[in-house]
Amino acid sequence: RASVRLPSLEYREGMSTPTTCSGPSASAATAASVGWRRWFRGSLWVYALIASLLLAMFVGVVFLFGKATDVEGREFLAQNDTIARSVAAAIEAREQGHLNVLRSYAGRFRFRESVKQRDRKEALVHLRQLHATFPELDRVFLADPAGIVWVTEPETPEIYGRSYAFRDWYRGVSASWQPYMSEVYRTDIGDALAVALAVPIH
């Protein structure tokens, strides 16, 4: 009798089903995973590039802002220096005008005679005229060759007989007995800042 052999599937004990598969769905999942990883790595480079560009832009803005501030500061200082020079020139020109007037007063015969004779009453007449001409002057006074004040306008008897030989105005004018404009100093009366114009009377 003929026998027919049928195909059969044989499962042996201890064998297990394979863990890898080569079907269409498994290949798609693997490709998607690899693609996502590549995209993420590529995105990191993009983010790093963007961050670098933003940092460079920030540094550039800070640098330009610093330069602009520095330029503005220099312009401000230059303007202030120009203004200060202009004010100083105006003050110097005004004080020079005052010196010229003091020279003319110092040349008056009657004024010189009152000084020579230490005639306080007659000297006050001329000092009051001078003060009226320049009301912006705080005080007009006369001192002897030793720097001792003996008459002032407005009158301040409390300083009569006081020596001011230590003042810059006296040291300056007595150095060569020529007109002199002093440095800024504080006065005895009111402790105010002042500049003295000293003219010798020969």
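**Basis of the description**

Contact here means heavy atoms within 4.5 Å. The structure is a predicted model, in which local features need pLDDT of at least 70 and side-chain atom pairs count only at pLDDT 80 or more, while totals for chains, interfaces and linings use all residues. Residues are numbered from 1 along each chain as its sequence is written, and side-chain values use heavy atoms, with hydrogens and water left out.

**Helix H4 and its cover**

Helices (H or I, at least four residues) and strands (E, at least two) are DSSP runs numbered from the N terminus. Leaving aside residues up to four places away in sequence, Trp 169 touches Phe 141, Ala 143, Tyr 164, Tyr 180, Ser 182, Tyr 185, Ala 196 and Ala 198.

Arg 171 also lies in helix H4, but counts as partly exposed because its relative accessibility is 48%. With residues up to four places away in sequence not counted, Arg 171 touches Ala 165 and Phe 166. After H4 comes Trp 177, which has a positive phi near 50°.

Opposite Leu 142 stands Val 151 in E2.

Five residues lie between the strands of this hairpin, in which Gly 147 takes a positive phi near 90°. The C-alpha atoms of Gly 147 and Arg 171 are separated by 9.0 Å, although the two residues are 24 residues apart along the chain.

**The largest nonpolar core**

A nonpolar core is a set of buried Ala, Val, Leu, Ile, Met, Phe, Trp, Tyr and Cys residues joined through side-chain atoms within 4.5 Å. The largest one has 25 residues, and those with the most contacts inside it are Leu 127, Leu 130, Leu 142, Trp 150, Val 151 and Trp 169. Two or more residues each come from helix H1 (24–106), helix H2 (109–116), helix H3 (120–133), E1, E2, helix H4 (168–176) and strand E6 (197–198). H3 gives the largest share, four residues.

How values were computed. Two strands pair if DSSP finds at least two bridges between them. Buried means under 20% relative accessible area, exposed over 50%, partly exposed in between (1.4 Å probe, protein chains only).
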